[in-house]
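Please open the structure in your viewer and keep the selection tool at hand.

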Amino acid sequence: MPETQPITVACKLEISNTLAKEIEDTLLVFATSCDWVNQNTPNKMTNKTAMQSLVYKNVRTNFGLSANLAIQAVRRVCANRKTAKQKGRKVKEFSPTSISYDARIFSFREKDWTVSVKLLNSRQRIKLLIGNYQVGLLKGKDPKGATLVKRKNGDYYIHITLDEPTQPETKTDKVLGCDLGRTDICTTSEGESWSGKQVADKRNHYAKLRAVIQKKASKGTLMLTA
């Protein structure tokens with residue numbers, strides 16, 4: 001199989017006031033459930049399977065999340081703990097600003113440029129407000145994951161993840177690499193080099209000259225002639 005790399009396509013959503021209320025409720029409950037999971041599992045636990053076995057039923061019962069949203073909350077806590085550990089920090093409180101989705105609770109439909117996402121009390125199909133750039137990236141694709149995001153200005157976006165094939169490496173004799181330095185001012189990938197001695201001597205000369213001028217100027221002995 002060809003190698004791929006993930007890219008993210010940020011798409012603004014067309015949201016009514018009624019839908020915004022349900023999204024807000026879902027974001028808040030999701031963040032609250034993440035906080036609860038973080039507070040009620042061993043601090044060093046980062047294994048998703050182990051954590052899920054401990055708290056999955058309680059998350060569903062206590063917060064009313066669907067099966068997959070409960071799993072996503074556990075995964076979010078594990079991911080944040082791993083990141084915090086790498087940076088030598090503690091996990092902070094979870095903000096109600098985003099929810100992760102996989103293929104079971106998210107889908108993209110090209111024929112009308114909409115996405116379907118699971119919210120707290122319903123599954124909603126939402127229109128994308130996108131331009132030619134996003135259309136070009138999404139056309140013909142079947143994405144399997146996304147993140148619902150509320151931005152600081154109050155707009156709602158869906159960040160759709162795509163796996164794009166990487167370009168294979170190609171060999172060519174039309175490219176010349178150059179390594180720039182001080183001792184050798186340039187060394188090519190073909191082994192040729194040019195000494196930087198002349199440039200260094202000139203640089204040192206002017207550095208000394210500047211030092212002399214600055215010293216005289218500081219003593220007030222520098223005289224300028226027309």
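**The sheet and its surroundings**

Begin by selecting E2 and strand E6 (residues 145–150), which pair in the antiparallel sense over five bridges. Two strands are said to pair if DSSP finds at least two bridges between them; helices (H or I, at least four residues) and strands (E, at least two) are DSSP runs, numbered from the N terminus. This is a predicted model, in which local features need pLDDT of at least 70 and side-chain atom pairs count only at pLDDT 80 or more, while totals for chains, interfaces and linings use all residues. Residues are numbered from 1 along each chain as its sequence is written, and side-chain values use heavy atoms, with hydrogens and water left out.

Within this pair of strands, select Tyr-101; its bridge partner in E6 is Ala-146.

Next, display the whole sheet. It is an open sheet of seven strands in the order E2-E6-E7-E1-E5-E4-E3, with antiparallel pairing. Its edge strands are strand E2 (98–102) and strand E3 (106–109), each of which pairs on one side only. On average, neighbouring strands of this sheet are turned by 35 degrees against each other, direction ignored.

**Helices across the sheet**

Helix H3 (residues 67–86) lies across E2 and strand E4 (114–118), at about 115 degrees to E2. Axes are lines fitted to C-alpha atoms, for helices over the stretch in contact (heavy atoms within 4.5 Å), and angles run from 0 to 180 degrees between N-to-C directions.

Leaving aside residues up to four places away in sequence, Thr-26 touches Ile-99, Leu-119 and Leu-120.

**Aromatic rings**

A search of the whole structure finds two aromatic pairs. Select Trp-36 and Phe-63: their ring centres are 6.2 Å apart and their planes stand at 65 degrees, so the pair is edge-to-face. Rings of Phe, Tyr and Trp (its six-membered ring) pair if their centres lie within 6.5 Å; planes under 30 degrees apart count as stacked, over 60 as edge-to-face and the rest as tilted. Finally, select Phe-108 and Trp-113, a tilted pair at 5.7 Å centre to centre with 50 degrees between the planes. Phe-108 and Trp-113 are both buried.

Terms used: Buried < 20%, exposed > 50% of the residue type's maximum accessible area, 1.4 Å probe, protein only.
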